[in-house]
Amino acid sequence: MTTPLLTGHPAFKFLAGLASGMPTLTDLFQQNPKRAEQMHIAAPALTLDFSKQRVDAYVLSGLEQLFIQLKLPSAIDGLFAGAEVNRSEGRAALHTRLRLPDESLDRDFPEVSQQLRQMEDLVCKIHAGVWRGFSGKRITDVVNLGVGGSDLGPLMVTQALKEYALPEARDLRVHFASTIDGSQLFDLLEHLNPETTLFLIASKSFTTIDTLSNADTARAWLERVCPDPSLMLRCHFIGISASVDKMEQWGIPSDNQLLFWPWVGGRFSLWSTVGCAIALDLGMPVFRELLAGAHEMDEHFRTAPPLENVPVMMALLGIWNVNVLDIRAHAILPYDGRLKYFPPYLEQLEMESNGKSVTQDGVPIDYATCPVLWGEVGANAQHAFYQLLHQGTQPVASDFILAANRYDTAAEDVSRSINRKHREALVAQHELNIANCLAQSRVLALGNDAVDLTDNPFRFYPGNQPSSTLLLERLDAFSLGALVACYEHKVFTQAGIWGVNPFDQWGVELGKQVALQLQPLLNQPTGDDSVVLDSSTRFLADKIAGFRRESQENK
């Protein structure tokens, strides 16, 4: 029996009827001076202020009824119980188990606990200088070779938490290379010493062409200087994968293999041994604190009522914006330079998960699903695309992300290099940053009503652009873990409302298959019609082949 589509539910029809009569945000704030006091909720490590969303009590009630009518409470229970939530691949999605406390892992999921301990052992050996390169020199640099979740997650976390790196991790430099064209790796290898460089090859299937192409290049780079292939592989490569067979075929020794499981989706994998780069860069205790923050958010998501549940509320507000108000763009605006890679991380998490056009039952969808996500560190974005947000014709919903405290006593203890005068200057900068964040969300909501401006069409700000603000007390490993898990659960909730599968990504696969078919054509003579192509692809392939022939002839 197929599940009714979103638009067929009574609660959705009720919500659709509210849209045309919804007051502007200016009117909503004027009607209720205590609006913000009533429209914020808290979760572990963060507070959500949604008072600048275009909702009122009737909308919230309708969204709650939609959540119930679509049986989302039982869907959430099923996620945590290990139900087959990834139906197109016949799998559960058990990434929340990766961040359970140690005692629960040891008792219920010993395979997860064992891999976490093995990762910790490898990390400790590298930090202590016990793990050495082929010539006996200490490892000074680690290069994480991955793509998608195997790159974006660890890259985002290490950038965000650099100042919390523990003493044992500070002398180790961790780098990331993901591009299939080899440009990132080429730039890195030019400055690295093969005797002291270790490579992490992170690929769930260990067949990802982008990652293995980079790994093959790294192996060739090392083979130039290390005459013993087995010694080179033992000293300079760690494999991270769900496929033991593929790692062994590539040559990764068994002691250098870190495992995770088919039920860990790539974009949910930073909590697994894919987080090895995080532990190496920051220290294993910091990685464990990241897991702890995520687990606390798991518990909040699992137990809090819908209108007091931060991930659920974020999801419901997104449904209102996309499916009722027809807002198809969503900006992620962290006012914290440490979260530089958080917008691209969320782009994958949300758009790869919920960019779907059929339901779990394979029924075509006649309504919008995931909006286009994009974003930038807020202070930079103000000088880039805020013009469109404030005065453009495109409605955009936004998430502002802000840490209340930075450069305070606690942060000073871990940053090691901030004296009193330096700290005072940095605190002043942070105050300016906070003021900018609050000002931008205020003007987006209220437009010209936020300030007294002359009647000038070039200086007209219409306002009424909805936004939420996620406020952290401070950005640390615990709060970052909670923040990431919050967005994961938002994605799952929205997937349940739209009826889509957030754990597959078939749309990624076809382009890869066609690329493998096209690759041989790039070296075939012009006019070869053995493969049927559209005229554009044929023209471009022939043109590339021609440029290559000319280049060879001119040598």
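Visitor: Is D281 buried or exposed?

Guide: A residue is called buried under 20% relative accessible area, exposed over 50%, and partly exposed in between, with a 1.4 Å probe and protein chains only. D281 is buried, with a relative accessible area of 5%. Please note that this is a predicted model, in which local features need pLDDT of at least 70 and side-chain atom pairs count only at pLDDT 80 or more, while totals for chains, interfaces and linings use all residues. Residues are numbered from 1 along each chain as its sequence is written, and side-chain values use heavy atoms, with hydrogens and water left out.

Visitor: With which residue does D281 form a salt bridge?

Guide: A salt bridge is a side-chain nitrogen of Lys or Arg within 4 Å of a carboxyl oxygen of Asp or Glu. D281 forms one with K162, and their closest N and O atoms are 2.8 Å apart. K162 lies in the loop between α8 (149-160) and β4 (173-177), whereas D281 belongs to helix α13 (residues 276-282); the pair links distant parts of the chain, 119 residues apart. Helices (H or I, at least four residues) and strands (E, at least two) are DSSP runs, numbered from the N terminus. K162 is partly exposed, with a relative accessible area of 41%.

Visitor: How many salt bridges are there by this rule?

Guide: The count comes to 24 salt bridges. One of them joins R302 and E299, with the closest N and O atoms 2.7 Å apart. Both residues lie in helix α14 (residues 284-303), three residues apart, about one turn of the helix. R302 is partly exposed at 39% relative accessibility, and E299 is partly exposed at 27%.

Visitor: Which parts of the chain does the salt bridge of D504 and K356 tie together?

Guide: The side chains of D504 and K356 meet at 2.8 Å, N to O. D504 lies in the loop between α21 (477-498) and α22 (506-518), and K356 in the loop between α16 (342-354) and β9, so the pair ties together parts that are 148 residues apart in sequence. Both D504 and K356 are buried.

Visitor: What is the strand order in the open sheet of six strands?

Guide: The order is β1-β2-β11-β10-β8-β9, with mixed pairing. The strands β1 (40-43) and β9 (372-375) stand at the edges, each with a single partner strand, so one side of each is left without a neighbour in the sheet. Within this sheet, β2 (residues 46-49) and β11 (residues 467-474) pair in the antiparallel sense over four bridges. T47 stands opposite L471 in β11.

Terms used: Pairing = 2+ DSSP bridges.
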